[in-house]
Amino acid sequence: MEANSIRVGIAMSQFLSRLGISRKLGLLTALGILAVLTVIALQLTAEHRMLMAEKEAATRGLVQSAVSLVGHYHARAQSGELGEDEARAAAMAAVKALRFGSNDYFWINDMHPRMLMHPFKPEMDGSDLTGFADPNGVHLFVEAVARVKAGGAGFIHYAWPKPGAEHPVPKISYVQEFAPWGWVIGSGIYIDDVQAALWASARAALAKLAVVLALLLAASWIISRSITRPIARAVEASTALARGRLDGEIKVHGRDETARLLQSLQGIQQVLQQVSGAQREMHAAHEAGEIDHRIEDDRFEGAFGEMARQVNALVASHIETKMRLVALAQEYAHGDLSHDMERLPGRKAVLTQAMDATKANLTAISAEIQRLSEAAAAGDFSQRGDADRFQFAYREMIGSLNRLMASADRGLSDVGSLLSAVAAGDLTREADANLPGQFGRLAEDANGTVRKLAEVVGQIRSGSDAINAAASEIASGNSDLSRRTEQQ
């Protein structure tokens, strides 16, 4: 039971937490209205019970009076003053003549049930009442017999038309047995006036409820507005502060709790404006190059002062890291690659990785340049740098060195091949004069030298041929002279 109560309490708390203040006040108003309606219903129920009790008491008293009257005639018959039949007839006539209220009457039936006397419907006298029922299906005379058999008397609720009317109306009757003669004497009272009285009371109560409801709703609306409007302003101000909007105006009226809440929010806004202003001042100073500028954290209290100190510490940490990067970059720019960047934690590690990559690339490009320079100094122009290891300017630098080595290698190879051919006596070869710069001029000079050498060799060859011809002519002349001499 206690666990169920706890669960119900938790569920109710969760339900109320999802309602706004205006709805909670509306719910409170509705509960108040429900309480008033409950009170009215209880009052109407009590009034109905009271009226019905009065009706029942009055009916019981009237029937008991009629039974006493019949008993009087029975006593006269017992005393011999009247005969039995005469006493019964006299008693029945006396009961038939009895009236109360507005033509209310008594009737008598037996235990069968059979109607013995009905003052306003004599056609029913002597009729069998077993199947008689009202429009609602209540067999009232059978019920009357059942009541007297069960306890000698009892009440019956049914519908019966008023004298002179056709339509039945609610009625309550009291029946009591007169055992000596086997009679059931009954009388009823129409209770439509009870219902009318209840409706009149209900209308009066509802009219009062309408007045109370109007006053309650007006009071609820005024109170709700007096609470929800300041809270709405507080929520709006809190939302603006949460979104970083510090320029809104927070108006404070009154001295209640909501006014004090707005005052607190106003104070928070002012402190946040001061913190934001201090941060803007720091930003402007740093943009102007004053990177040693700090927020005056002693201006603020509590968490705001701690926030300012943390901002100062954060800025100092970043500036320290930045200055270390600048110092290391200057060392790398001067060619000093002996130092490494400190191992920074977290996302700062990207700075360490960047400087490590810078050093690695500078070291690699330096080693590659040194290797190519040493090869060139040794006369080996066939070496090439691995340009694919690098990107951007470094790749272009190695590419330029490779083109330099290729040009030197090609120029020297062409001139060397030309000189080798000349050394072998081949003066028809020429070097490629389309080489760039000095290599082209060197090739052109070598080609000019070879051409001059070929021209000299040609001239020597022509002179040698003339000498050979002259020698042949001299030899021929000598031979002819010798022959002539021998002939002589």
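Contact here means heavy atoms within 4.5 Å. The model discussed below is predicted.

Q: Among contacts in the protein chain between residues at least 6 apart in sequence, what percentage joins residues at least 24 apart?
A: The chain folds into ten helices and five strands. Taking the contacts between residues at least 6 apart in sequence, the share that joins residues at least 24 apart is 49%.

Q: What percentage of the residues of the protein chain counts as buried?
A: A residue is buried when its relative accessible area is under 20%. The protein chain has 488 residues, and the part of them that counts as buried is 28%.

Q: How many of the residues of strand β5 are buried?
A: Strand β5 covers residues 183-190 and is mostly covered. Trp 183, Ile 185, Ser 187 and Ile 189 point one way from β5, while Val 184, Gly 186, Gly 188 and Tyr 190 point the other way, and all are buried. The count of buried residues in β5 is therefore eight of eight.

Q: Which residue in β5 is the bridge partner of Gln 176?
A: Strand β1, residues 106-110, runs antiparallel to β5 and is joined to β5 by five bridges. In that pairing, Ile 108 stands opposite Ile 185. Strand β4, residues 168-178, also pairs with β5 in the antiparallel sense, over eight bridges. Within β5, the bridge partner of Gln 176 is Ile 185.

Q: Which residue in the turn of the hairpin formed by β4 and β5 has a positive phi?
A: Four residues lie between β4 and β5 in this hairpin. The turn holds a residue with a positive phi of about 70°, namely Gly 182.

Q: Which element gives the largest share of the largest nonpolar core?
A: This core has 28 residues, of which Val 70, Phe 178, Trp 181, Trp 183 and Ile 185 touch the most other members. The elements that give two or more residues to this core are α2 (21-79), α3 (84-97), β1, β4, β5 and α5 (192-242). The largest share, eight residues, comes from α2.

Q: Which residues is Trp 181 in contact with, leaving aside its neighbours within four places in sequence?
A: Trp 181 is one of the residues that touch the most other members of the largest nonpolar core. Leaving aside neighbours within four places in sequence, the contacts of Trp 181 are Val 70, Tyr 73, His 74, Glu 84, Ala 87, Arg 88 and Ala 91.

Q: How much space lies in the largest cavity?
A: The count of cavities of 30 Å³ or more comes to one. The lining of the largest cavity consists of Tyr 105, Trp 107, His 118, Leu 140, Phe 141, Tyr 158, Trp 160 and Lys 171. By class, this lining has six nonpolar, one polar and one charged residues. The space in the largest cavity is about 50 Å³.

Q: Why is Lys 359 classed as buried?
A: Lys 359 lies in helix α8, residues 349-377. Not counting residues up to four places away in sequence, Lys 359 touches Tyr 332, Leu 337, Ser 338, His 339 and Asp 340. Buried means under 20% relative accessible area. Lys 359 is classed as buried because its relative accessible area is 16%.

Q: How far apart in space are Ala 240 and Gln 269, C-alpha to C-alpha?
A: Ala 240 is found in helix α5 and is buried, with a relative accessible area of 13%. Ala 240 and Gln 269 are 29 residues apart in sequence. In space, C-alpha to C-alpha, Ala 240 and Gln 269 are apart by 9.7 Å.

Conventions. Residues numbered from 1 in each chain as written. Predicted model: local features only at pLDDT ≥ 70, side-chain atom pairs only at ≥ 80, totals over all residues. Heavy atoms only, no water. Buried < 20%, exposed > 50% of the residue type's maximum accessible area, 1.4 Å probe, protein only. Pairing = 2+ DSSP bridges. 1 Å grid on protein atoms, 1.4 Å probe; cavity = no way out; pocket = protein on both sides within 12 Å on 5 of 7 lines; lining within 4 Å. Points joined across faces, edges and corners; volume = space filled by probe spheres on them. Nonpolar A, V, L, I, M, F, W, Y, C, P; charged D, E, K, R; others polar. Core = buried A, V, L, I, M, F, W, Y, C linked by side-chain atoms within 4.5 Å.
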